[in-house]
Amino acid sequence: MNSRPNSYQFSENFWWGAATASYQIEGAVNEGGRKPSVWDTFSATPGRVLNGDTGAIACDHYHRYPQDVQLMAQLGIKHYRFSISWSRIMPDGVGQVNQQGVDFYKRLVDNLLSYGITPHATLFHWDSPQALEELYGSWQSRQMSFDYADYVMAVVSRLGDRITNWMTINEIPCFTHMGYALNQEPPHAPGKRVSLAKQVWQASHHALLAHGLGVQAIRAASTVPCSVALVDNFAVTVPINESPVHVAAAKQAFPSCGQNGGIVFPALTGAYSPVLLEQLAADAPDIQEGDLQVIHQPLDVFGFNVYSGTYVRAADNQLGYEFLSFPPGYPRLHMPWLNILPDSLYWGIRHLSETVGRPDLPVLISENGCAAQDRVNAQGEVIDTDRIMYLREHLRAAHRAVSEGYPLKGYFLWSLMDNFEWACGYERRFGLIYIDYPTQRRIPKASFDWYKECIKSNRVV
Ligand code: GCO
């Protein structure tokens with residue numbers, strides 16, 4: 001144990017991991033029995049994705065996973081978060097299970113386990129079957145919640161002997177509010193424009209219901225004890241300084257943000273936040289009898305995806321607080337929203353305990369990372385000191401949380417490798433490993449070596 005003050009040492013049971021998602025890395029979209037997802041259709045639509053990029057090949061992980069798992073072992077992670085494609089398991093969305101799809105994930109998981117790497121499977125990371133979009137408009141229909149649960153049952157009953165860490169759904173707001181939202185730029189798949197905000201909130205309610213039904217399906221199908229999580233990138237309100245008046249303002253503002261009052265609160269407390277419902281008024285979703293009981297399933301851990309936050313301060317107004325815009329020169333990395341605000345990682349964990357009122361619920365950082373303008377130099381290296389700086393400061397914030405006693409179990413870095421960054425295609429690179437797409441060569445960046453050292457010494461270096 002390093003005794004130096006500020007050695008940023010973690011406990012021996014802290015989880016060090018990395019994360020990816022199926023559509024962003026697998027490629028092989030027409031192989032192994034897979035049929036199109038909404039992201040295949042969306043990215044093939046001219047103008048939807050930068051440079052016309054699609055996930056057709058991506059990082060060719062479907063074929064190159066043995067090499068990628070070897071790189072994970074070199075990195076030293078003992079935990080790997082990936083997602084399972086509904087379109088591989090049930091290509092038509094319902095009915096027939098595609099055994100080739102199941103077999104791919106069996107091969108991948110067995111490979112991980114052979115290196116002592118624990119698999120953490122996200123059951124839904126946005127790539128829902130196109131067939132269900134055509135059948136009933138995907139998440140606009142309540143039926144999607146039940147079809148999702150059937151898909152989950154099919155996966156867990158076939159892979160539950162190998163996988164015991166499940167994450168039901170990744171970031172509900174991104175495939176509902178960004179998928180159907182009114183004037184949302186850039187849109188996410190399926191990129192539909194509904195006419196009423198109520199329809200958007202109804203879609204996110206259906207996704208919440210799917211989460212609850214999915215938890216029940218996992219508990220029913222798993223023949224061994226397992227851990228179940230919801231993953232969300234909720235909006236972190238960060239006090240402009242940590243004087244009591246501004247901390248109180250940040251807490252007061254928290255439930256008023258849509259993802260917080262409309263996703264985290266129902267899932268973790270069994271009720272939409274009253275502040276949000278008052279704001280939504282007639283745009284609030286129709287909630288059927290029993291929905292909230294299904295949505296509020298007991299969870300073993302909460303997956304917190306964090307990249308940035310928003311500053312709040314106390315204000316002499318009706319609300320008692322105000323959100324602050326970032327000044328023009330505020331430092332950020334290579335996405336318009338990637339303002340560098342490491343305290344958002346700490347405050348997000350603290351809000352879950354104190355503002356949402358769930359100090360009992362362990363937390364995982366299920367995603368944290370940044371896009372950077374990575375370039376391969378004349379020596380064939382990527383010296384991404386900007387990414388190292390960003391990650392180091394966020395891990396220091398994670399260390400603050402654990403040293404103050406908050407229940408942070410581990411950290412999954414987004415991402416293991418550069419990948420398909422949704423509407424930004426391949427132009428935005430988030431990986432510890434640089435992907436040279438024309439050759440599919442993998443080049444570990446300087447941040448790979450840095451993270452490897454953090455894991456080896458179990459502290460922030
Ligand atoms: C998300 C998604 C990832 C993104 C990453 C960078 O959090 O939006 O889970 O798929 O690629 O966050 O935007």
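Visitor: How do α3 and α17 pack?
Guide: Helix α3 (residues 61–75) and helix α17 (residues 446–457) pack at an angle of about 55°, with axes 9 Å apart. Axes are lines fitted to C-alpha atoms, for helices over the stretch in contact, and angles run from 0 to 180 degrees between N-to-C directions. Helices (H or I, at least four residues) and strands (E, at least two) are DSSP runs, numbered from the N terminus.

Visitor: Where do these values come from?
Guide: This is a predicted model, where local features need pLDDT of at least 70, side-chain atom pairs count only at pLDDT 80 or more, and totals for chains, interfaces and linings use all residues. Residues are numbered from 1 along each chain as its sequence is written, and side-chain values use heavy atoms, with hydrogens and water left out.

Visitor: Back to α3 and α17. Which word describes how they sit to each other?
Guide: They are oblique to each other. Angles under 35 degrees count as roughly parallel, over 145 as roughly antiparallel, 65 to 115 as roughly perpendicular and the rest as oblique.

Visitor: Which residues make the contact?
Guide: From α3, they are L71, Q74 and L75. From α17, they are F448, Y451, K452 and I455. Contact means heavy atoms within 4.5 Å.

Visitor: What classes are in that contact of α3 with α17?
Guide: Five nonpolar residues, one polar and one charged. Here Ala, Val, Leu, Ile, Met, Phe, Trp, Tyr, Cys and Pro count as nonpolar, Asp, Glu, Lys and Arg as charged, and the others, Gly among them, as polar.

Visitor: New topic. How far does α16 reach?
Guide: Helix α16 (residues 385–403) has 19 residues and spans 26 Å from its first C-alpha to its last. That is close to the 27 Å expected at 1.5 Å a residue. The expected span is 1.5 Å times one less than the number of residues.

Visitor: Which residues of α16 are buried?
Guide: Among them are R387, Y390, H394 and H399. Buried means under 20% relative accessible area, exposed over 50%, partly exposed in between (1.4 Å probe, protein chains only).

Visitor: What do the buried residues of α16 pack against?
Guide: β1 (15–19), α15 (343–355), β11 (408–414) and α17. Just after α16, G405 takes a positive phi of about 90°.

Visitor: How many residues of α15 are buried?
Guide: Eleven of its 13, so α15 is mostly covered. W347, R350 and H351 are among the buried ones. G357 follows α15, and its phi is positive, near 85°.

Visitor: Is H211 buried or exposed?
Guide: H211 is buried, with a relative accessible area of 0%. H211 sits in helix α10 (residues 197–221).

Visitor: What does H211 touch?
Guide: Y148, T168, I169, L230, I295 and L299, not counting residues up to four places away in sequence.

Visitor: Now the rings. How many aromatic pairs are there?
Guide: The count comes to 42 aromatic pairs. Rings of Phe, Tyr and Trp (its six-membered ring) pair if their centres lie within 6.5 Å; planes under 30 degrees apart count as stacked, over 60 as edge-to-face and the rest as tilted. Take F124 and W139: their ring centres are 5.4 Å apart and their planes are at 70°, so the pair is edge-to-face.

Visitor: Where do F124 and W139 lie?
Guide: F124 is in the loop between β3 (118–122) and α6 (130–136). W139 is in the loop between α6 and α7 (143–159), so the pair ties together parts 15 residues apart in sequence. Both F124 and W139 are buried.

Visitor: What about F124 and Y148?
Guide: Their ring centres are 6.5 Å apart with planes at 85°, so that pair is edge-to-face. Y148 lies in helix α7, 24 residues from F124.

Visitor: Which residues do ring pairs link into a cluster?
Guide: Y23, W39, F42, W126, F420, W422, Y426 and Y437.

Visitor: Where is there a cis peptide bond?
Guide: One runs from A189 to P190, with omega near 0°. P190 is in the loop between α9 (177–180) and α10. Another joins W414 and S415, with omega about 5°. S415 is in the loop between β11 and β12 (433–436).

Visitor: Last one. What is the phi of N51?
Guide: Near 60°, a positive value in a residue other than glycine. N51 lies in the loop between α2 (38–43) and α3. N51 is exposed, with a relative accessible area of 58%.
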